[in-house]
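Morning, everyone. I'll be quick.

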Amino acid sequence: MFIQMKRPVRVTLEDTKDTHMCLCLGSILTPSTIACSICMREYHQECIRIPANEVFECPYCFIQDMDPIHEVVETLFTGYVRAEDTIHNFRFSLKEADLSNPRHQVEMRCIRLDGKNNYELTWPDYGYVKLNENKIADFKPLINNSSLKRRKDEPKIVERRMLRSIGDNFAQMTVMPPQLKEQVRISVTNHMVGIFVIKLNTPNEVVERLRYNIISEQESRQILLEQMSPLDEITIERLDVSLECVFSMEPIRIPVRSKECRHFNCFDLNMMVTTTTKSQPRRWRCPICKRKAHRLVVDPILTNIIQEN
């Protein structure tokens with residue numbers, strides 16, 4: 001349920017796990033919609049702004065599955081943060097069983113919803129977050145002459161001492177307008193925030209889980225055909241496919257690509273997981289086309305070719 005109060009500018013977000021809202025924060029009322037390829041929720045096409053034939057994944061699915069190393073085992077809260085609102089209050093309950101495993105942690109995530117760099121992991125430019133009256137994060141904008149293109153934001157692991165195992169936990173995100181706008185970089189953008197119980201996986205555990213995520217040969221052939229015939233009037237007679245990983249320049253052992261990738265070439269699963277795990281902040285991106293790569297799939301045709309060689 002979304003409840004907006006006029007004075008002061010404050011939004012209370014509660015029980016939003018099943019709320020179905022488009023990125024424009026309005027209900028789905030028009031027939032011009034596109035469905036998420038994962039959960040089948042529908043969104044306005046004009047809000048999504050993705051090219052034709054692109055795989056669409058909604059923000060609810062992305063913010064939950066954006067990092068295989070920090071695997072979500074329970075969703076505590078997800079909701080939109082309006083750019084025009086200043087104070088955002090939300091609450092969630094936490095059972096003792098949620099954190100019985102020492103590898104389980106509570107993590108807060110925030111992604112940008114701007115129709116251009118959708119789902120970039122970033123917090124609002126200027127503000128802070130409190131949990132049960134404890135400040136857990138401060139956000140400050142970059143100055144105009146900074147050499148950085150953007151801040152290197154990361155999810156926030158919540159310390160267990162700040163959590164209430166019995167009763168409700170109360171979080172507050174305050175987005176503050178800067179006093180000196182001409183000196184800092186500020187963008188007025190909607191965001192989505194999520195609070196999750198996550199399991200800290202090792203790279204080997206991620207590899208073992210993903211190596212069996214094999215697409216069908218029919219789907220693999222379709223990707224190959226699309227690359228061989230990118231346009232109706234153009235047909236490519238030959239396509240060179242490398243069996244060397246772009247990370248290590250060594251032979252690929254488990255060929256994978258992102259579910260969003262439209263190229264046939266693959267890279268090695270082990271190298272992808274190892275390289276991404278070491279990067280800070282951790283971003284799952286295809287090294288070939290730079291699309292999001294948190295959903296990796298194994299290609300059966302290239303697997304057969306590699307095994308035969």
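I'll go through some strands and how they pair.

A word on the basis. This is a predicted model, where local features need pLDDT of at least 70, side-chain atom pairs count only at pLDDT 80 or more, and totals for chains, interfaces and linings use all residues. Residues are numbered from 1 along each chain as its sequence is written, and side-chain values use heavy atoms, with hydrogens and water left out.

Now the terms. A strand is a DSSP run of E, at least two residues, numbered from the N terminus. Two strands pair if DSSP finds at least two bridges between them.

Start with strand β8, residues 127-131. Is β8 mostly covered or mostly open? Mostly covered: four of its five residues are buried, meaning under 20% relative accessible area with a 1.4 Å probe, protein chains only.

What does β8 pair with? One partner is β9, residues 134-139, antiparallel, through five bridges. Look at Tyr-128: its bridge partner in β9 is Asp-138. Two residues sit between the strands of this hairpin, and Asn-132 has a positive phi there, near 50 degrees.

β8 also pairs with β11, residues 168-175. Again that's antiparallel, over five bridges. Here Leu-131 has Ala-171 of β11 as its bridge partner.

Next, another sheet. It is open, has three strands, and runs in the order β14-β13-β15 with antiparallel pairing. Why does one side of β14 and of β15 lack a neighbour in the sheet? Because β14 (267-268) and β15 (296-298) are at the edges, each with a single partner strand.

Strand β13, residues 255-258, is joined to β14 by two bridges. Val-256 stands opposite Phe-267 of β14.

How values were computed:
Buried < 20%, exposed > 50% of the residue type's maximum accessible area, 1.4 Å probe, protein only.
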